[in-house]
Amino acid sequence: MPTMTAEQMVQALVPPPQFATASFDNYRPDESYPSQAEAVEICRGFASTIGGAQTGRGFFSRLRPRKDGPVKAGVYLDGGFGVGKTHLLAATWHAARGRKYFGTFIEYTSLVGALGYQNAVKALTGTKLIAIDEFELDDPGDTMVMSKLLGELVDTGTRVAATSNTPPNALGEGRFAAQDFLREITKLADVFRTVRIDGVDYRRRAVEGRATVTAPDELERLAAARVAAGQSVARDGFRDLIDHLAKVHPSRYVKLIEGIDALVIDDVSELTDQSEALRFVAFIDRVYDAQIPIIASGESLDGIFGGGMIDGGYRKKYLRSVSRLIASTGAAADSNPAG
């Protein structure tokens, strides 16, 4: 039952480990899609206006007149999966100077839920940059809260950078389009500059692969091998884990996995309760961000969202989680210390 102060919750809003060193210089644009290189320069220019940021172009480059007009308070990166939106968002965050935060849409709404709206505003006021990855529109209430929160912060000088929540391998669904984002954030629409990033679009591919299922005896052996190798292993029954997540606020899930090298789950079974499923999705987001491998027995983790939930209003969220579960169980096999 982890506890976190308001300060700790806010301080946890940083890029995940895989983007800890993301920069404009180590983004590799595809020459076949000029919009990628253009997006780098737009984001570099945007970051250069935030708190005396360093963008690799020198201080005086910020004083040159802009050919494309004044810099807006927000930038929205619009594009399909796999074109580097999160990399550019993290690069913008790293380049900006001053107090800044980086998190997913769910992390910010969880922060508001844990602290209360006014306390969240107080905690974030004075921030130079708010970076929001995977902005979601599937919950009107959360969208309204975030729009109001961002409006108050922008009014006090905060800049905002955001990406959409286009999921990997979304079975050909139409991507989260810029016009949807701008329509839903109402009065904030005018403060965002939309940056379209084209590239290879993986959305039209079927979800590739299956989550790795481990037999109980083999799971026992693999867990023991990791412990023998000096790793910290968390092992729980699937039902026990689901029940426990209901007792912990999602903003504190990051603390549940702190210091864990591998996650072992026994007896995975189908989920048909939407609240349980959404809590598990939020938990897996934290596990995936921390690059923690998962070893699981029972049902395949990519097939646990039952009762028609995966075809409902949260379809994109579930599909993203399925992809992450496939990747996380695959990572466990690749990093098996037992060989």
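**Exercise 1.** Find where Ser300 sits, decide whether Ser300 is buried or exposed, and work out which partners its side chain has.

*Solution.* 
Step 1: Start with the location. In this predicted model, Ser300 lies in the loop that links β8 (294–298) to α12 (315–334).
Step 2: Check the accessible area. Ser300 has a relative accessible area of 12%; the cut-off for buried is under 20%, so Ser300 counts as buried.
Step 3: Look for polar partners. The Ser300 side chain makes a polar contact with the side chain of Asp302 at 2.2 Å. The Ser300 side chain also reaches the backbone oxygen of Ala211, at 3.4 Å.
Step 4: Once you set aside neighbours within four places in sequence, Ser300 is in contact with Arg210, Ala211 and Val213.

**Exercise 2.** Which strands pair with β3, and in what sense? Then trace how the chain gets from β3 to β4.

*Solution.* 
Step 1: Take β3, residues 129–135, and check its cover: 7 of its 7 residues are buried.
Step 2: Go to β2 (residues 100–104). β2 pairs with β3 in the parallel sense, over 5 bridges. For a handy landmark, Phe102 has Ala131 in β3 as its bridge partner.
Step 3: Now try β4 (residues 159–164). β3 and β4 pair in the parallel sense too, over 5 bridges, and here Ile130 has Val160 in β4 as its bridge partner.
Step 4: Follow the chain. From β3 the path runs through helix α6 (residues 140–155) to β4, giving a right-handed β-α-β crossover.

Technical notes
Residues numbered from 1 in each chain as written. Predicted model: local features only at pLDDT ≥ 70, side-chain atom pairs only at ≥ 80, totals over all residues. Heavy atoms only, no water. Helix = DSSP H or I, 4+ residues; strand = E, 2+ residues; numbered from the N terminus. Buried < 20%, exposed > 50% of the residue type's maximum accessible area, 1.4 Å probe, protein only. Polar contact = N/O pair within 3.5 Å; in protein donor to acceptor, adjacent residues only side chain to side chain. Contact = heavy atoms within 4.5 Å. Pairing = 2+ DSSP bridges. Right-handed = clockwise from strand over helix to strand, strands pointing away.
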